[in-house]
Amino acid sequence: MSYLFYLLAALTVAGALAALMLKNTVHCALVLTVAFAGLAMLFLNLDAQFAGIAQLLVYVGAVAILVVIAILLTKGSETSKDEVFSRSWLVGLVIAAAVFAVLSWAVIGSIRVLPHEMAVPDVTVVQIGDALVDRYVLPLEIVAVLLTAAMIGAVIVARHEKEEKR
Amino acid sequence: MQSQPKPPRQPKRECEIPVIEKTDQLFVLLQHWLVSFLPAAMQPVAGVLLSVVAIVCIFPALFALTTVFERKGLGRIQNRLGPNRVGPFGLLQPVADGIKSLTKEDIVPLSADAVVHYLAPVVLVVAVFMGFAVLPMGRKMVLVDLDAGLLFYFAMGASTELAVFMAGWSSRNKYSLLGAMRAVAQMISYEVVLLLSSVTVVMMTGSLSLTKIVEAQNQYSWGLPHWFIFTPWGCAGFAMYAIAATAETNRSPFDLPEGESELVAGYHTEYSGFKFALFFLGEYLAMFSISGLGTTLFLGGWSAPLSSLTWVPSWIWFFTKLMLSIFVFIWMRGTLPRLRQDQLMNFAWKFILPMCLLNLFVAGLWTYLGSGWLRWVICSAILIAAYAAMGWGEMRRGKIGPRSYRYAE
C-alpha cells in the first residue's frame, strides 16, 4: 500500500462523509461526486484502467448529473432546517455496520478461496470485451433487457404526464 | 514510399531520412535532450512534467491566436473590420484582453455560493485540459498512451457538464440556472451521439487506444490515405461527430446555453474578470480537444494526406487539421442561426441517434462484405436511402409552419 492509496482513500472517505454531513442537498451531491472520482482513481491506482475510467464516465459524467437534476426538479435544493442526523440514526448505523461486516467477511474469505489471484492480473480492454460477449453474454443481455424496460417505463411516465396537462 | 510501416523506419538514403526524422521528432528529441541534464531518477517525472507544461502553454497560446482569428473572420463575414487597433492587424488584441480580464474586479454575487462559484471555472478548465493527455499530436507525441484512451477522453468530457452545472447553480441567478440546465440537457443528449459515432471507429480498429486508431489510418494505397472519412460509414460518422462536437462545445448554432438574446450569457452570467476568462478559455480548449479527437478518429490524426507528403513533420499535419476544424467552427458561427430548444432535442434524439445506430449496423456490414466494390455501393446506398427517407418523412409531417407559443402568449 503506497502513500498514494492512503491519499485517495482519505479523499474518497472524506467525500462520502461530507455527503452525509452537509446540509445543502446540492453540496451533498457535489461532494458525492468527489467520492466517485476518488473511487475511480483508486481503481486506476490498482491498474484497473477500464473499471476506473468507466467509473468516471458513468458516475461522474452521468449519475452525478442525474442526481443533481433530480434534486433541482424536486425542490430539494433548499437547505433543510432539520438536523443532519435523523432520529433513526442508530438503526442506520447497525445496518451499515452489518453490511460492512458481510462485505469484509466475503473479501477476506475470497483470499482463501482464490489464492492465486494475489498477483496483479494484466487485463486489457480487449479481454474485458471478449469476456462480455463470450462468457458473460447472458448477464449482459439481461442487463440490456432491464435497461430497455426502464427506458420504456420512463417514456411512458413522461408521456402520461403530458397528456394529463392538455 | 508506398505504404509506410511505422515502427521500423528503415533508413533508405543515409543522409536524407535522419533529417526528416529529426524534424518529425523535433519536440520528442528536444524533450529527451532537456531531460538528459537531470539525474536518471528524476528523468521520467521530468519528462512528463515537461510535456504537461508544453500542452498547458501551447493550447492557451493557440486560444489567444484563435480569438483574433475568430473576431477577424466573423468581421469579414459580417462585412466589418474586426479588431484592428492593438498591434499590426489587431494581432496583439488577446494581450490587451488578457490584461483587462486580469485587472477587472472579480464580482461574486452576495447570495452566490462562494465556494462552488469559485471552483466551477477551475474544474472546467482542469477537466478540459485532461482530455489533451491522450491525444496523439504527432508520431510518438502523446502524453499517456492509455489502452482505453478514447474512453478516458469521453470520461473527461463528461466531467465538464458538472462544472457547467456548478457555475449555473452557484450563481443564484435564474438566467444562469436556466443556461446551466439547457447546457446539461444538451450536452447529455449529444454525448450519446458523440459516443455512438465514435464507436464505429472502435469497431473497425478493434482498439480504444488513440495511437492505434491513428496507425490504422496511416496507410496508403495509390498515394491516397486510408482515413476513415473516405469510407461510407466514416463519412456519415464524421458528419454526426461534427454535429455532436459543435453541440458539446456549446458553439453556434447550438449555443442556446449562452443565448445572449434570452439568457444574458447563460451559465456564466455572474462571472467577471479572470473567472470569465477561464470559461472563455475552457470553451476554446474544448473546441481544440474535440477537433483533435475528430481529427484522430476520422481524419487520420497526424498522418499526411498524400503518401508523397509524408516527409512533412507529423505534428504539422495534426495542427493543420486542427486549425481547419476551428475554421469550420468559426465559419458555422458566422453563417448559421441558433436552433430552438425543442428543435435541438428533436434533432438529437429523433434524427441523429437513429442514424448513428444505423451507421453502427452499416459499419458491421462493411466488415462482413469483404473487400470489393460491392460493399461501397451497398453501404452508401443504405445510408443515403435512410437519410433521404428520414428527411422526407420529417418534411412530410408538416412541422414547418407559423411559430406557436405555449407559455408566452
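Residues are numbered from 1 along each chain as its sequence is written, and chains are lettered from A and ligands numbered from 1 in the order in which they are written. The model is predicted: local features need pLDDT of at least 70, side-chain atom pairs count only at pLDDT 80 or more, and totals for chains, interfaces and linings use all residues.

**Confidence**

The predictor gives the complex an ipTM of 0.78 and a pTM of 0.83. Where pLDDT is low, the predicted coordinates should not be read in detail.

**The two chains**

The table uses these terms. Helices (H or I, at least four residues) and strands (E, at least two) are DSSP runs, numbered from the N terminus. A residue is buried if 20 or more other C-beta atoms lie within 10 Å of its own, exposed if 12 or fewer, and partly exposed in between, with C-beta atoms placed from the backbone. Two residues are in contact if their C-beta atoms, placed from the backbone, lie within 7 Å.

| Chain | Secondary structure | Buried residues | Contacts joining residues at least 24 apart, among those at least 6 apart in sequence |
|---|---|---|---|
| Chain A | 6 helices, 0 strands | 16% of 166 residues | 52% |
| Chain B | 14 helices, 2 strands | 40% of 409 residues | 76% |

The C-alpha trace of chain B spans about 75 × 60 × 45 Å along its principal axes. The radius of gyration of chain B, taken over C-alpha atoms, is 23 Å, close to the 22 Å of the globule rule (2.2 Å times the number of residues to the power 0.38), so chain B is as compact as a globular protein of 409 residues.

**Contact between the chains**

At the interface, 18 residues of chain B are in contact with 18 residues of chain A. On the chain B side, helix H6 (149-170) and helix H7 (174-205) each supply at least two residues. H6(B) gives the largest share, 11 residues. This side of chain B has 15 nonpolar, 1 polar and 2 charged residues; Ala, Val, Leu, Ile, Met, Phe, Trp, Tyr, Cys and Pro count as nonpolar, Asp, Glu, Lys and Arg as charged, and the others, Gly among them, as polar.

Ser51(B), Phe59(B), Thr66(B) and Val68(B) of H3(B) are buried. Their cover includes helices H2 (26-35), H4 (93-103), H11 (273-298) and H12 (314-335) of chain B. Asn79(B), with a positive phi near 60°, follows H3(B).

The domain assignment, with bounds from an automatic or database source, gives domain 1 (55-103) and domain 2 (107-340) in chain B. In chain B, 14 residues of domain 1 are in contact with 16 residues of domain 2. H3 and H4 of chain B each supply at least two residues of the domain 1 side, and the largest share, 11 residues, comes from H3(B). That side divides into 9 nonpolar, 4 polar and 1 charged residues.
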